[in-house]
Amino acid sequence: MKTVLKKHPLAIRWFHWINFPILGIMIWSGLLIYWAYSKYTLSVGNRQLFHFFSPGFYKALKVPHRLAEGMSFHFAFMWLFFGNGLLYVTYTIFSGEWRYLLPNRKSFKEGWQVLLHDLHIHKYVPPQDKYNAAQRIAYTAIIVMGFGSIITGLAIYKPVEFGWCTWLCGGYESARLIHFMLTIGYCLFFVVHIVQVIITGWNNFQSIVTGIEIFKPITPEPQPQMQIETQPEEVQPSPIEPLPNEEA
Amino acid sequence: MIFVVLLAGGFFAWKWLNDQPQDHMILKPLRKTLEANEKVFKGTLGKNKESKTYTVADAVKNVKVNGLIGIQDTIDASKWRLQVIRGAGDTLKISLDELKQLPKKDIIFDFKCIEGWSQVTHWAGVSMRDFMEHYHLQGFEQMQYAGLQTPNKKYYVGIDMKSFLEPQTILCYEMNDAPLPMKQGYPLRLIIPVKYGIKHLKCIGTMFFSNSKPPDYWAEQGYDYYAGF
């Protein structure tokens with residue numbers, strides 16, 4: 001007999017998978033734009049460690065001389081990126097999903113423990129809940145970053161009409177730099193996210209598609225719903241609701 | 001199931017978009033979006049749009065020269081005239097000295113190139129509003145666009161009338177308190193701080209007004225026609 005648990009609401013799955021290609025298009029078209037003035041480097045003192053990006057990198061990805069094309073995609077898909085993000089945030093607020101996503105008092109301590117555990121430095125398994133502390137921090141940070149991309153983006157796109165955004169970002173050039181750094185942040189997030197998903201395995205991955213997670217009783221791994229039960233003081237509905245048991 | 005629908009929907013939407021015809025070097029729906037963006041962002045905040053200004057000390061001495069399309073190094077300012085087309089066979093011809101008789105306006109702002117770089121630069125010339133008033137051209141302010149061309153017609157821009165008449169727009173003949181260098185568009189160029197550099201036409205030959213979009217060099221190459229902040 002298997003236990004089938006509801007994990008991700010339909011809306012969240014939509015927002016997740018719609019965001020994936022749109023953010024991809026935003027990053028790709030952003031690269032076409034950035035190429036036209038690609039001056040950023042990573043340096044320590046006078047030593048340049050890395051240049052964003054090398055001619056070979058651009059050539060391999062066929063980036064050069066596509067500024068106009070990049071802008072046309074960027075300034076169309078920005079609406080979808082913004083709209084989808086806005087709907088996601090609105091949904092998490094009104095559905096109560098934010099309770100599992102926002103970091104709380106314990107999250108920063110536990111987040112550190114998750115890191116130590118994941119890096120195999122510590123054996124202690126911190127509380128998992130629907131999202132563990134590190135996930136709460138990461139999934140909230142990515143929303144803050146998205147907000148940052150909108151503000152810095154407006155600051156570069158309309159520096160007169162939205163002059164206050166430009167001011168807030170410390171000027172036009174600084175806004176462009178932050179906009180770029182946030183994008184690098186998404187790429188790093190993506191890499192860590194994919195590695196974590198692969199390590200966690202198929203059962204977890206398919207749940208962001210199907211919305212349900214299936215547990216066999218013999219599976220010894222820690223089960224998320226157990227964590228919920230240890231917190232009876234929480235009055236919110238459990239994020240993972242058991243369905244009637246299904247036959248295997 | 002829904003996931004499959006989403007996957008297929010996304011795939012076909014992307015295919016549809018990329019199968020659309022081109023409109024001046026970019027996909028038509030994207031061109032339409034750029035035009036819609038212009039409506040969203042154009043002048044929603046008050047009547048006047050003004051770029052942030054700086055002090056003389058902030059202005060750079062080495063001003064970048066990025067494009068020389070349409071520039072001629074053989075221009076003779078004594079023979080050069082700004083030609084304002086008022087109608088068929090009715091062209092107003094204005095010399096540089098005549099323009100210099102009008103009040104001079106300085107503007108120091110962060111000049112922004114569509115490539116991504118920017119420079120605080122110092123320019124001076126005749127305010128476009130003063131110019132239009134002095135030469136009794138206000139009747140043309142009701143039209144939708146102004147067009148500018150170099151004398152050899154190799155570079156040309158179209159600008160929406162609202163941006164054209166913003167208080168910081170100048171017909172510029174000085175840079176850093178000296179006559180405009182040849183490569184900066186001697187004897188007269190446009191400085192329009194609410195637009196990307198591509199619209200700041202160097203070496204103005206002709207000016208005209210129109211209700212349809214005047215030809216625009218970079219818009220034909222796939223860039224946004226509005227290209228404004």
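Good morning. I shall begin with chain B, which has 5 helices and 12 strands. Please bear in mind throughout that this is a predicted model. The C-alpha trace of chain B spans about 75 × 45 × 40 Å along its principal axes. Chain B comprises 229 residues, and 38% of them count as buried. If we take the contacts in chain B with a separation of 6 or more, 67% of them are between residues 24 or more positions apart.

Let me turn to the sheet. Chain B contains an open sheet of 5 strands with mixed pairing, in the order β4-β3-β12-β7-β8. Its edge strands are β4 (90-94) and β8 (156-160) of chain B, each of which pairs on one side only. From one strand to the next, the twist averages 25°.

Strand β7 (residues 145-149) of chain B and strand β12 (residues 206-210) of chain B run antiparallel and are joined by 5 bridges. Which residue in β12(B) is the bridge partner of B:Y145? The partner is B:S210.

I move now to where the two chains meet. The contact involves 28 residues from chain B and 21 residues from chain A. On the chain B side, α1 (2-19), β2 (26-27), α2 (28-41) and β5 (104-112) each supply at least two residues. Of the elements of chain B, α2(B) gives the most to this side, with 5 residues. By class, the side of chain B that touches chain A has 13 nonpolar, 9 polar and 6 charged residues.

Helix α5 (residues 107-118) of chain A has 12 residues, and the distance from its first C-alpha to its last is 16 Å, close to the 16 Å expected at 1.5 Å a residue. Which residues of α5(A) are buried? They are A:S107, A:E110 and A:V114. Seen down the axis of α5(A), these buried residues fall within an arc of 70°, so they line one face of the helix. The general principle is that an α-helix has 3.6 residues a turn, so residues three or four places apart point the same way. Among the elements that cover the buried residues of α5(A) is α6 (133-157) of chain A. After α5(A) comes A:H120, whose phi is positive, near 60°.

Thank you for your attention.

Key: Residues numbered from 1 in each chain as written. Chains lettered and ligands numbered in written order. Predicted model: local features only at pLDDT ≥ 70, side-chain atom pairs only at ≥ 80, totals over all residues. Helix = DSSP H or I, 4+ residues; strand = E, 2+ residues; numbered from the N terminus. Buried ≥ 20, exposed ≤ 12 C-beta atoms within 10 Å, placed from the backbone. Contact = placed C-beta atoms within 7 Å. Nonpolar A, V, L, I, M, F, W, Y, C, P; charged D, E, K, R; others polar. Pairing = 2+ DSSP bridges. Axes fitted to C-alpha atoms, helices over the stretch in contact; angles between N-to-C directions. Expected span 1.5 Å × (residues − 1). Arc of directions from axis to C-beta.
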